[in-house]
Amino acid sequence: MSSYWDPHLERMPLADLRILQEDRLKSMVSYVYDHSSFYRQRFKQAGIEPGDIKSLNDLTKLPFTRKADLRDNYPTGMFSLPRSSVVRYHVSSGTTGKPTVVGYTKGDIETWTESLARSLTSIGLGRDDVIQVAYGYGLFTGGLGLHYGAERIGAAVLPMGTGNTERQIELMQDLGTTALACTPSYFLHMTEVAEKMGISIQDDTKLKTGIFGAEPWSLETRKRIEDATGINAYDIYGTSEISGPLFTECINKSGIHVWGDLFLTEVLDPKTGEPVEDGERGELTFTTLHKFALPLIRFRIGDISILDNEPCECGRTHPRIMRILGRTDDMLIIRGINVFPSQVESVLMNIPEVGDHWEIIVDRKGHLDLMMIRVELTESGFSDKIGDLIKLKKNVSKELKNVLNIAAEVDLVEPGTIPRFMGKATRVTDKRKL
Ligand code: DLL
């Protein structure tokens, strides 16, 4: 049985939701035109005026916004409101160039908190829960975002932040943590540390729910986590530009619910910028409908997903996006073939001898791209017998080739060899770019 935080909004008939979205889109377009010199100029360049947006069908007339726009207008050149209306900043470090700065009004923080309150309720959490937040607190949106959402639903928050893993596990036991929010890779690390401490997450803690995201993780990893620890592991998604973590799956685990009263979701062909058919994969693009310090129009996030507009069995009518398959800029092109790290993860996590940690190293010899996949084995998978290892290596290589359509060099390594991460894991080193 699903419970709702805001039953009226979450189960709103689709026709009513559309009317609400249409009203909010029109207001938002006028708002950015009036408040943001950046958008006024963009609209003028595109030959668009707010009055041209009469219905949701006109959305595609609007120009795109990209992450580069935020960087080019660093720090606050894209804000729609002056400093005096801003009550908080978050800053995302980004891998290249300048960071991006996101600002929030009091109302923006409220909207973010309500979005998470709906999402956390949809995975069965409430006032009886102790939610341990092990996302980073500070400039990263994970810690404070989850913190506010968890407090809003009346849960008790344990604001751990990242790191100090043994203490995380001790407090998890002492305070009876029932839900843990962190990156999936950090949870995998936590289970290893717990094991070394002689603690079984399943038998010696009250943990029932994982709120895992901020980085790609596969269904196979979910299965492993759930089988090993007996918890329910839910996907949580968001990016700093659209506020931070905002959306989760519901207990049905059939896609991430994107609150349609707050955002319009499009999935576009990354090359042409045209919307793809429902059910096809493409680049996620969001238009904020209720965000005022830094509203964004058709913001191309770069994440690859699939949109499902059918109402969910849980009764919520808002659209769902499928598990993130990777980023357009994460995609490796190896000898002309597109490879997503998520495909590698899916293959590896289906092989029982393979442990939870792996990395991809790409290099170029002469004109030839080479992909090496370093794979950590489990204690029991790691055999002293050379013959066994050769056989396993062949099997891993074969399985990878079947899915990737390209041969990779596989290096099987001892348990504990590959670096562990407290926050987002870095699993790809592309030496061609160094
Ligand atoms: O990672 C916000 C967040 C915090 C989400 C805590 C979930 C939990 P950024 O640092 O701006 O914000 O990074 C956003 O991380 O564009 C995706 O590429 C990736 N990402 C976030 N959640 C998921 C997920 C936060 N569930 C970028 N699956 C996004 C796959 C994810 N990738």
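Guide: We go from the whole chain to single residues. This is a predicted model, in which local features need pLDDT of at least 70 and side-chain atom pairs count only at pLDDT 80 or more, while totals for chains, interfaces and linings use all residues. Residues are numbered from 1 along each chain as its sequence is written, and side-chain values use heavy atoms, with hydrogens and water left out.

Visitor: How many helices and strands does the protein have?

Guide: There are 12 helices and 21 strands. Both are DSSP runs numbered from the N terminus: helices are H or I with at least four residues, strands are E with at least two.

Visitor: What does the radius of gyration say about the protein?

Guide: The radius is taken over C-alpha atoms, and the globule rule is 2.2 Å times the number of residues to the power 0.38. For 434 residues, a compact globule would come out near 22 Å; the protein has 22 Å, which agrees. Its C-alpha trace spans about 75 × 55 × 40 Å along the principal axes.

Visitor: What share of the residues is buried?

Guide: Buried means under 20% relative accessible area, exposed over 50%, and partly exposed in between (1.4 Å probe, protein chains only). Here 53% of the 434 residues count as buried.

Visitor: How do I read contacts along the sequence?

Guide: A contact means heavy atoms within 4.5 Å. Take contacts between residues at least 6 apart in sequence: 66% of them join residues at least 24 apart.

Visitor: And aromatic pairs?

Guide: A pair of aromatic rings is described by the distance of the centres and the angle of the planes. Rings of Phe, Tyr and Trp (its six-membered ring) pair if their centres lie within 6.5 Å; planes under 30 degrees apart count as stacked, over 60 as edge-to-face and the rest as tilted. The structure holds 12 such pairs. In one, phenylalanine 38 and tyrosine 39 have ring centres 4.9 Å apart and planes at 80 degrees, so the pair is edge-to-face. Both phenylalanine 38 and tyrosine 39 are buried. Ring pairs also link Tyr33, Phe38, Tyr39 and Phe43 into a cluster.

Visitor: Are the rings of tyrosine 104 and tryptophan 112 stacked or edge-to-face?

Guide: Stacked, because their planes lie at 15 degrees, with centres 5.1 Å apart. Tyrosine 104 is buried at 1% relative accessible area, and tryptophan 112 is buried at 3%.

Visitor: How do I read the faces of a helix?

Guide: An α-helix has 3.6 residues a turn, so residues three or four places apart point the same way. Now look at helix α10 (residues 219–229), where Thr221, Arg222, Arg224, Ile225, Glu226 and Thr229 are buried. The buried residues of α10 pack against several elements, including α8 (184–196), β8 (232–239) and β18 (354–365). Glycine 230 follows α10 and has a positive phi, near 75 degrees.

Visitor: Which residues other than glycine have a positive phi?

Guide: Asparagine 164 is one of them, at about 55 degrees. Asparagine 164 sits in the loop between β5 (156–158) and α7 (165–174), and is exposed at 56% relative accessibility. Arginine 335 also has a positive phi, about 45 degrees. Arginine 335 lies in the loop between β16 (332–334) and β17 (337–339) and is partly exposed at 39%.

Visitor: Where is there a cis peptide bond?

Guide: Between tyrosine 74 and proline 75, with omega about -5 degrees. Proline 75 belongs to the loop between α4 (67–72) and β2 (88–92).
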